[in-house]
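Please open the model in your viewer and keep the sequence panel beside it. The tour moves from one selection to the next and says what is found at each stop.

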Amino acid sequence: MKQGLGTQLRHLIELLDGAVQQAYTDAGLDYRPRYTPVMKVLAQQQSATVGELAELAGITQPAATQTVALMKKEGLLLVVASDDDGRQRVVRLSEQGEALLPHLQACWQATKRAADSLDAELEFPLSECLAQAIAVLGQRSFGDRIRAASKKVRPTP
């Protein structure tokens, strides 16, 4: 039986994230792969609001909010009042987060090389296929596609 798209994607994520998590463990790091988009943004710029993190990292605002909360709890981030507007909260790396960056960057380089080798072995590079799928779904959401398809499907008795 052919697996559905969602099942295939979950399995692919399990395969990828599991290997990345193991690489962090092997490097002696207590770190979750889901933190990487936030860490990469804050490695490039000193601070950002949660909304800016979401936009720059390419994740949803709820995902950014949850990730920042977890990272703050683990001591990787500080959430402080903005220098420009004390009512606005900004996120920045803590000393612990800063100290972790060089180790993470080495892991990220290895992960990128592994991803490049995967792309090279596939008929269609996975990274390009995913980027194209995200762009196409940005034009017309999967929800819209399901609603359109539902109009053409009749329940079976």
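Predicted model: local features only at pLDDT ≥ 70, side-chain atom pairs only at ≥ 80, totals over all residues.

Select D30, which sits in the loop between α1 and α2; helices (H or I, at least four residues) and strands (E, at least two) are DSSP runs, numbered from the N terminus. D30 is exposed, with a relative accessible area of 70%, where buried means under 20% relative accessible area, exposed over 50% and partly exposed in between (1.4 Å probe, protein chains only).

Residues are numbered from 1 along each chain as its sequence is written, and side-chain values use heavy atoms, with hydrogens and water left out.

Now show the whole chain as a cartoon, colored by secondary structure. Seven helices and three strands make up its elements, and from the N terminus on they follow the order α-α-β-α-α-β-β-α-α-α. The radius of gyration is 19 Å, well over the 15 Å that the globule rule gives for 157 residues, so the chain is more spread out than a compact globule; this radius is taken over C-alpha atoms, and the rule is 2.2 Å times the number of residues to the power 0.38. Along its principal axes, the C-alpha trace spans about 60 × 40 × 25 Å.

Of the 157 residues, 22% count as buried.

Next, select Y24, Y31, M39, L42, L53, L77 and L104, which touch the most other members of the largest nonpolar core, a group of 22 residues. A nonpolar core is here a set of buried Ala, Val, Leu, Ile, Met, Phe, Trp, Tyr and Cys residues joined through side-chain atoms within 4.5 Å. At least two residues of this core are supplied by each of α1 (5-26), α2 (36-44), α4 (61-73), β3 (89-93) and α5 (95-121), and the largest share, five residues, comes from α5. In soluble globular proteins, nonpolar side chains tend to be buried together.

Within that selection, center on L104, which lies in helix α5. L104 counts as buried because its relative accessibility is 0%. Not counting residues up to four places away in sequence, L104 touches Y24, L29, Y31 and M39, where contact means heavy atoms within 4.5 Å. The C-alpha atoms of L104 and M39 are separated by 9.0 Å, although the two residues are 65 residues apart along the chain.

Move to L53, another of the core residues named above. Leaving aside its neighbours within four places in sequence, L53 is in contact with V38, V41, L42, A48, G58, V68 and V91. From there, step to V41 in helix α2, which counts as buried at 8% relative accessibility. With residues up to four places away in sequence not counted, V41 touches L53, L56 and A57. Its C-alpha atom is separated by 9.3 Å from that of E52, 11 residues apart along the chain.

Which residues does T49 contact, leaving aside its neighbours within four places in sequence? T49 is in the loop between β1 (47-48) and α3 (50-57), and its contacts are Q88, R89 and V90. At 12% relative accessibility, T49 counts as buried.

For the last stop, select G143 in helix α7 (residues 142-150). G143 counts as partly exposed, at 26% relative accessibility. The C-alpha atoms of G143 and A114, 29 residues apart along the chain, are separated by 33 Å.
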